[in-house]
Amino acid sequence: MTQIYDYLVVGAGPAGMAAAIEASHAGLKVLVLDQAAAAGGQIFRNVGHSCAAQEQVLGPDYGLGKPLLQAFMAAPCDYRPLAQVWNIEPHAQGFTVAALIDGLSINFVASDLLIANGAMERPMAVSGWEKPGVMTAGAGQILLKASALVPKQVVLAGSGPLLLLLAHQYRAAGVTITALLDTTPRSNYWRAIPWLIAGLSMPKQLLKGVWLSLVQRIRVPYFTNVADIKIVGHIGAEAVRFTAAGKDYEVPTQLVLLHQGIVAQTQMAQTLACELSWNPVKQCWQIQTTGAGQTSVPGVQVAGDAGAIGGAQLAQLEGRLAAMARIERTGTRSSWAKKMLYQALALRICQLHWARGLVDRLYQPAPWLSTPTGTTLVCRCEQVSAAQITDIAQSGCAGVNQLKAFSRAGMGPCQGRQCGLNLGYLVAQAQGRPMAQVQPLSVRPPLSPINLGQLAQSSDL
Ligand SMILES: Cc1cc2nc3c(=O)[nH]c(=O)nc-3n(C[C@H](O)[C@H](O)[C@H](O)COP(=O)(O)OP(=O)(O)OC[C@H]3O[C@@H](n4cnc5c(N)ncnc54)[C@H](O)[C@@H]3O)c2cc1C
């Protein structure tokens, strides 16, 4: 007989772990599925197995994940690592979640879902970004956290806290940073000034951010207000060309790590037709939620970066609050103390989102990055260039979904994750429409590649 879980959590990052701890201790039958080999999510990736040298390089914040991880591993919930969720659909008793485990597709059934699958890096479609030797800063950090691998030499390009953090971690690991190309537009600093007051509500994080930024400017060849980045080379990356303060530069390198902030992964919620909205400050699509991460679909909640980018502390609080709301629906009468805790958590979450306003404005992507031109590939999977997309958009296609049918952009293995946002920006620009009016790419399973053999052998738990 199929086992039915009360609460299925996708993602064992800070949000998913906190939710599972709360819900399982309250007596709910909880299942956590995560595609990674160990729990921790992006920030605390591999924290349970890291060596002393890795921890020293990654800094003190990394170690803060250990107590959460220990509480999660001790919680009375089922946890399946290396379980990649590729489909979610409604079921008579809630939802069926299909995950690839050991090469087999297994269906799990749960009455309620918490989507806590985090964020991905915002694609940075510059000329040559498809070449071998070009990766994202997040990928570089994953190699460092998961396998203690670092390059000998690198050029870092883009904007955002993760880029500065990686520069700091790489320097601690002895990596030569040939150049750090900061694409943050000068106008962002002015726009962020009124939000300093919000940042001051979290003085420790603000000081850390300022310090990280200043140290890189002193210790690394640092270029500000960078634009027009091009990665050149016959096959792989051989050099980066760019302009800074009106001057042209070329820096030789065989490895470029790009980063332009992170955006919520909304695809899972989209398969369930949860409503989305465009966030003009964070410049990304977000799942619409009411209190405690409740989406527009009953029984489906979202927490952490998967809902709105906010960082690990916020993710953990949102996960806990979502679980508390789920527990309340079992009919258990909450104590007075629990009700007070719920209100306090909800208040703190609002405050942390407000404080995040400073980072969101300071690191908003430069407009030139959203609208690539000419032969720059926008869809790397299907090799569709910016010029081709703009031509189709100007000829009056209805939106990104029709553009996908006309050009194949968004049909490759990444299912539009890497090109979806830029397709939207290019349609918006060509047709003079605001992004909010350009619908996001629609999502269909499989959310990640699965072969026919695996599909044919799919089984219920
Ligand atoms: C590449 C990257 C690196 C980052 N590094 C840092 C850092 O060093 N410091 C910092 O402060 N912040 C970092 N962040 C920001 C970080 O995402 C948040 O601070 C925090 O980890 C968010 O917690 P979360 O629980 O919402 O999501 P995450 O921590 O992202 O956890 C989501 C979990 O969902 C799992 N998952 C995703 N898709 C699926 C699927 N299809 N099936 C099953 N499981 C799935 C993932 O394996 C992951 O464990 C990073 C973000 C990214 C994208």
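**Strand pairing and ligand shell**

Strand β2 (residues 7-10) and strand β3 (residues 30-33) run parallel and are joined by four bridges; strands here are DSSP runs of E of at least two residues, helices are runs of H or I of at least four, and both are numbered from the N terminus. Two strands pair if DSSP finds at least two bridges between them. This is a predicted model, in which local features need pLDDT of at least 70 and side-chain atom pairs count only at pLDDT 80 or more, while totals for chains, interfaces and linings use all residues. Residues are numbered from 1 along each chain as its sequence is written, and side-chain values use heavy atoms, with hydrogens and water left out.

Strand β2
- Tyrosine 7 has valine 30 of β3 as its bridge partner.
- Tyr7 and Val9 point one way from β2, Leu8 and Val10 point the other way, and all are buried (under 20% relative accessible area, 1.4 Å probe, protein chains only).

Ligand shell
- The ligand is surrounded by 31 residues, the closest being Asp34, Gln42, Val85, Gln141 and Asp305; a residue counts if one of its heavy atoms lies within 4 Å.
- Domain 1 (4-120 + 263-332) and domain 2 (123-260) both contribute residues to this shell, so the ligand lies between them; the bounds come from an automatic or database domain assignment.

- A side-chain N or O atom of aspartate 34 is 2.6 Å from a ligand oxygen.
- A backbone N or O atom of alanine 15 lies 2.9 Å from an oxygen atom of the ligand.
- A polar backbone atom of valine 85 is 2.9 Å from a ligand nitrogen.

Key
A polar contact is a pair of N or O atoms within 3.5 Å; within protein, one must be able to donate a hydrogen and the other to accept it, and residues adjacent in sequence count only if both atoms are side-chain atoms. Buried means under 20% relative accessible area, exposed over 50%, partly exposed in between (1.4 Å probe, protein chains only).
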